[in-house]
Amino acid sequence: MDFTIRKLQKTDIKDAAEVFFLSFNSVGEKWSRETAEKRLEQYFDPDYCWVAENNDKIIGVLTSKLDNVLDHQELYIDVLAVDPEFHKSGIGSKLLQTAENCAKSKGLNSVWLTASPDLNSYAWS
């Protein structure tokens, strides 16, 4: 499958929120479209957020932010979502790799995220 990764832009938030909504609800979460959009607006930072596109359609999104931990900064991933139609296509892995590469280029010590063990997505690899 062909897709590209690029930085999230403010104008992408509504389309990215739809992916977030579809992805999270497909694994048992209960998000509204409005709440998903607000969450992406809250974490929007063009330096630390990316989307995956296929034929000019957003099919994945990753938002992250710098997190200060004692004497250093880390990159915290808040949202990692892929349109359920495209699960198991390597999109999530590529978005994570993009965040890791960004963190390395900025000299950050680590990248981290949290996941609920009660969801099927917890075992994602």
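Modeller: This is a predicted model. Begin with its largest nonpolar core, which has 17 residues. Those with the most contacts inside this core are Ala16, Phe20, Leu40, Val61, Val79 and Ala81.

Colleague: Which elements give two or more residues to this core?

Modeller: Those elements are H1, H2, E2, E3 and E4. H1 gives the most, with seven residues.

Colleague: Take Ala16, then. What does Ala16 touch?

Modeller: Leaving aside residues up to four places away in sequence, Ala16 touches Leu8, Leu40, Val51, Ile58 and Val61. There is also a second, separate core of 16 residues, which includes Tyr48, Trp50, Phe86 and Leu108.

Colleague: Back to H1. Which of its residues are buried?

Modeller: In H1, the buried residues are Ile13, Ala16, Ala17, Val19, Phe20, Phe21, Ser23 and Phe24. Their cover includes helix H2 (33-43) and the strands E2 (49-54), E3 (57-69) and E4 (72-82).

Colleague: How far apart are the end C-alpha atoms of H1?

Modeller: They are 20 Å apart. H1 has 14 residues, 13-26, and at 1.5 Å a residue it should span 20 Å, so the two values agree. After H1 comes Gly28, with a positive phi near 100 degrees.

Colleague: And H2, which residues are buried there?

Modeller: Ala36, Leu40 and Tyr43 are the buried residues of H2. Seen down the helix axis, they fall within an arc of 75 degrees, so they line one face of H2. Glu34 and Gln42, on the other side of H2, are exposed.

Colleague: What covers that buried face?

Modeller: The cover over the buried residues of H2 includes H1, E2, E3 and E4.

Colleague: Let's switch to strands. How many of the residues of E2 are buried?

Modeller: Six of the six, so E2 is largely enclosed by the rest of the structure. Cys49, Val51 and Glu53 point one way, while Trp50, Ala52 and Asn54 point the other way.

Colleague: Why do they take turns like that?

Modeller: In a regular strand the side chains alternate between the two faces of the sheet.

Colleague: What does E2 pair with?

Modeller: Strand E1, residues 4-7, pairs with E2 in the antiparallel sense over four bridges. Thr4, for instance, has Glu53 in E2 as its bridge partner. E2 and E3 also run antiparallel, joined by six bridges. Across that pairing, Trp50 stands opposite Leu62 in E3.

Colleague: How many residues sit between E2 and E3 in the hairpin?

Modeller: Two residues lie between them. Asn55 in that turn has a positive phi of about 50 degrees.

Colleague: What does its side chain reach?

Modeller: The Ser64 side chain reaches the backbone oxygen of Tyr48 at 2.5 Å.

Colleague: And which residues does Ser64 touch?

Modeller: Not counting residues up to four places away in sequence, Ser64 touches Tyr43, Tyr48, Cys49, Trp50, Leu75, Tyr76, Ile77 and Asp78. Of these, Tyr43 is one of the buried residues of H2, and Tyr48 and Trp50 are in the second core.

How values were computed. Residues are numbered from 1 along each chain as its sequence is written. This is a predicted model: local features need pLDDT of at least 70, side-chain atom pairs count only at pLDDT 80 or more; totals for chains, interfaces and linings use all residues. Side-chain values use heavy atoms; hydrogens and water are left out. The expected span of a helix is 1.5 Å times one less than its number of residues. Buried means under 20% relative accessible area, exposed over 50%, partly exposed in between (1.4 Å probe, protein chains only). Contact means heavy atoms within 4.5 Å. The arc is that of the directions from the helix axis to the C-beta atoms. Two strands pair if DSSP finds at least two bridges between them. A nonpolar core is a set of buried Ala, Val, Leu, Ile, Met, Phe, Trp, Tyr and Cys residues joined through side-chain atoms within 4.5 Å. A polar contact is a pair of N or O atoms within 3.5 Å; within protein, one must be able to donate a hydrogen and the other to accept it, and residues adjacent in sequence count only if both atoms are side-chain atoms.
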